[in-house]
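Good morning, colleagues. Please bring up the sequence and the structure on your screens, and I shall then go through the arrangement of domains, copies and helices.

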Number of protein chains: 2
Amino acid sequence: MNLKQLSQNLGLSQTTVSRALNGYPEVSPATRRRVEEAARTFNYSPSTRAKGLATGQALAIGHVIPVSSKHEMVNPIFGDFIAGAGETYSRHGYEMILSIVDDADERRIYSGLKSRRAVDGVIIHGPRMNDPRLGLLHELGLPFAVHGRATGYDKPYAWLDVNNRSAFLRATDFLFDLGHRRIALINGLEVMDFAHRRREGYAESLRAHDVPLDPHLMRSGEMTEVFGYQSTRDMLAEENAPTAILCSSLISALGVRRAIEEKGLVMGKDVSVVTHDDALSYLQNGADVPIFTATRSSVREAGRRLAEMLLTTITEPTKPPLQQLLEAELMVGSSTGPAPRKD
Amino acid sequence: MNLKQLSQNLGLSQTTVSRALNGYPEVSPATRRRVEEAARTFNYSPSTRAKGLATGQALAIGHVIPVSSKHEMVNPIFGDFIAGAGETYSRHGYEMILSIVDDADERRIYSGLKSRRAVDGVIIHGPRMNDPRLGLLHELGLPFAVHGRATGYDKPYAWLDVNNRSAFLRATDFLFDLGHRRIALINGLEVMDFAHRRREGYAESLRAHDVPLDPHLMRSGEMTEVFGYQSTRDMLAEENAPTAILCSSLISALGVRRAIEEKGLVMGKDVSVVTHDDALSYLQNGADVPIFTATRSSVREAGRRLAEMLLTTITEPTKPPLQQLLEAELMVGSSTGPAPRKD
DNA sequence: AGGAAAATCCAAAGCGCTTTGGGGAGTGAT
DNA sequence: ATCACTCCCCAAAGCGCTTTGGATTTTCCT
């Protein structure tokens, strides 16, 4: 069923039917009702392609997920983020289109999306330090919003980020308050902007407590369970092992726990652990009582909000870009306790 | 830059330029080269919307991800599957469009995709027992392919599935061979087709070994870490506790391990564990040696293949639908060992 | 009742592409 | 020189919608 058929069926012009359906005022309420009813019974919805052609809008948002060709990891966060963003899109009648892309091809993909007029804007995932994508998109004139921020890009742009620095600052302070002095950091890849900021927060706390940075206590890598396990195992094997560990992801934290327990130590007593927790739907941090003391911020909620921000950036291009900084909450679980007494 | 401008620029008609770009024979090689060159320098690609309107194709595949409104869980598998499918799509010039949908709205969404002509076909995720979606899509005339199968639907349709029954049959047999007799099953929700089949395999092995099904040893729920933990904790607390546990997901298996160790038992000695492993990129089962003995099958590879199958279903609608059954491989790790001797 | 303003509705153009149905220019044979 | 083919190329229609610029009818004042 298309517009033409529907309008013939109703004995009206295409113009009137279109207007009735799109809420224009120059249609009598009675006609509008009649049209809406017919549309429903014939199960008519306008073709997105035709509509897009006519209006010049795509009514679609692109999400470009970079997958490094080297270590084919799909960000585990991405599912929940997408779910959040999807809620927003369907509320506003937008489509979400996804491209999984080797990060070497990113340039081609973005300019393709632009020149094919496939989307009205894009969300940038996993911003890195001095991320070249922001400049590219600015140059292409394709509206965008960033999940995170990109240190090194100076023009204003729309973003939503967790305050990673303050979260890790507070978490580290918390460990100091418990008496810990040797605190390790198991971080994400430090080309990632978020990891850089977390490290800054950590370093700031150490500085405030007059504890020098110790490279032996700082690891950075893709945040898998195995990475958390190996890093922890190695550090616990060294002399002067850490009494507390700060970890960038709940998944890695599971590995941290495994290494601790494998060594016959008790988490929360011999070694304290604080992790960041993205509140993923399939990986809750315990049920009633959190297992891990954590800095917590829902990535799904982030998806909802950032999508909303991008849409207003698109519909109101003159406004200055929206920006939002979320504070993570510190939830105390059973993975932390006072530093063990030295004997 | 659009076709008109490009053709004016070249002093050719739109027809010729379009034909040159789409590989039609009635264009001289010289002209074709000239056109291709110009398209590249002006960074021209045809508007998807216009092309779609003209050809009647969408050049897009829909993925509808159901999210139950009750327990807002996003399937952790979905990220890797999508990544695999995305590779296939970009190779064939298709777009992937994603809808995150409360499962109560599914009907509306699918018929919307159809009547808006937004996609050429869809992939069905997470098929349930007697899944109504297959009938609906058949009725709508929207091509589809299923990740898994739907028991209770009798018309032929395209699917790709892991042989869940045989995988869990072999895994259970393996545990019997190690001397276990009290074997528990921690399964996904049994409305899900895959969980039903796994249970069948498990039950078949028990029957073959003359061990009656014991409801106390069978749990089913959303496969979170917490679910694995609680189920195991409860079962280990009962008298006549299991000596081996079969688990439907690596994530739950992490919870299983936590419960075992919390009780001061050793996994692989006091309690053996076998889990299914979807080979998720962010959750590898150990590094060199697998942590868990597992039935393994890459969900990312499944995505790649199923997408390919859907595309051929679309381009060659007369052929009978493709179907593919993958066998999981049994990888022996350190989570299994001989059944403890009764004293 | 007469005229202006408001309320409804419509025909047709245009969005950017593909594709149909020709048409003119070379080429070789007669 | 003429004819019959190929080779290349083109004008124009059509895909399904929105939107412009009117046209027609109703309603409201005076």
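In this predicted model, the domain assignment divides chain A into domain 1, covering 3-55, domain 2, made of 60-162 + 299-326, and domain 3, covering 164-297. Taken over C-alpha atoms, the centres of domain 1 and domain 3 of chain A are separated by 58 Å.

I turn next to the relation between the chains. Chain A is superposed on chain B by a rotation of 180 degrees with 0.1 Å of shift along the axis, at an RMSD of 0.2 Å. The two copies are thus related as by a two-fold rotation axis. Both copies use the same surface, since 100% of the contact residues of chain A recur in chain B.

Helix α5 of chain A spans residues 78-92 and helix α12 of chain A spans residues 299-315; their axes lie 6 Å apart, at an angle of about 40 degrees. Angles under 35 degrees would count as roughly parallel, and α5(A) and α12(A) are therefore oblique to each other. The crossing of α5(A) past α12(A) is right-handed. On the α5(A) side, the residues in contact include A:Phe81, A:Glu87, A:Tyr89 and A:Arg91, while those on the α12(A) side include A:Val299, A:Arg304, A:Leu306 and A:Leu311. Sorted by class, this contact of α5(A) with α12(A) has nine nonpolar, four polar and six charged residues.

In chain B, at what angle do helices α6 and α7 pack? The angle between α6(B), residues 106-115, and α7(B), residues 132-140, is about 25 degrees, with the axes 11 Å apart. The pair α6(B) and α7(B) is therefore roughly parallel. Here too the crossing is described by its hand: α6(B) passes α7(B) in a right-handed crossing. From α6(B), B:Glu106, B:Arg107, B:Tyr110, B:Ser111 and B:Lys114 meet B:Arg133, B:Leu136, B:Leu137, B:Glu139 and B:Leu140 of α7(B). The contact of α6(B) with α7(B) has four nonpolar, one polar and five charged residues.

Helix α10 (residues 225-237) and helix α11 (residues 250-262) of chain B pack at about 40 degrees, with axes 6 Å apart. For α10(B) and α11(B), the crossing is right-handed. Among the contact residues are B:Tyr229, B:Arg233 and B:Leu236 from α10(B), together with B:Ile251, B:Leu254, B:Val256 and B:Ile260 from α11(B). In the contact of α10(B) with α11(B), seven residues are nonpolar, four are polar and four are charged.

Terms used: Residues are numbered from 1 along each chain as its sequence is written. Chains are lettered from A and ligands numbered from 1 in the order in which they are written. This is a predicted model: local features need pLDDT of at least 70, side-chain atom pairs count only at pLDDT 80 or more; totals for chains, interfaces and linings use all residues. Side-chain values use heavy atoms; hydrogens and water are left out. Axes are lines fitted to C-alpha atoms, for helices over the stretch in contact, and angles run from 0 to 180 degrees between N-to-C directions. Helices (H or I, at least four residues) and strands (E, at least two) are DSSP runs, numbered from the N terminus. Angles under 35 degrees count as roughly parallel, over 145 as roughly antiparallel, 65 to 115 as roughly perpendicular and the rest as oblique. A crossing is left-handed if the near helix is turned anticlockwise from the far one by less than a right angle, and right-handed if clockwise. Contact means heavy atoms within 4.5 Å. Ala, Val, Leu, Ile, Met, Phe, Trp, Tyr, Cys and Pro count as nonpolar, Asp, Glu, Lys and Arg as charged, and the others, Gly among them, as polar. Copies are superposed by least squares on the C-alpha atoms of residues with pLDDT of at least 70 in both. Domain bounds come from an automatic or database domain assignment.
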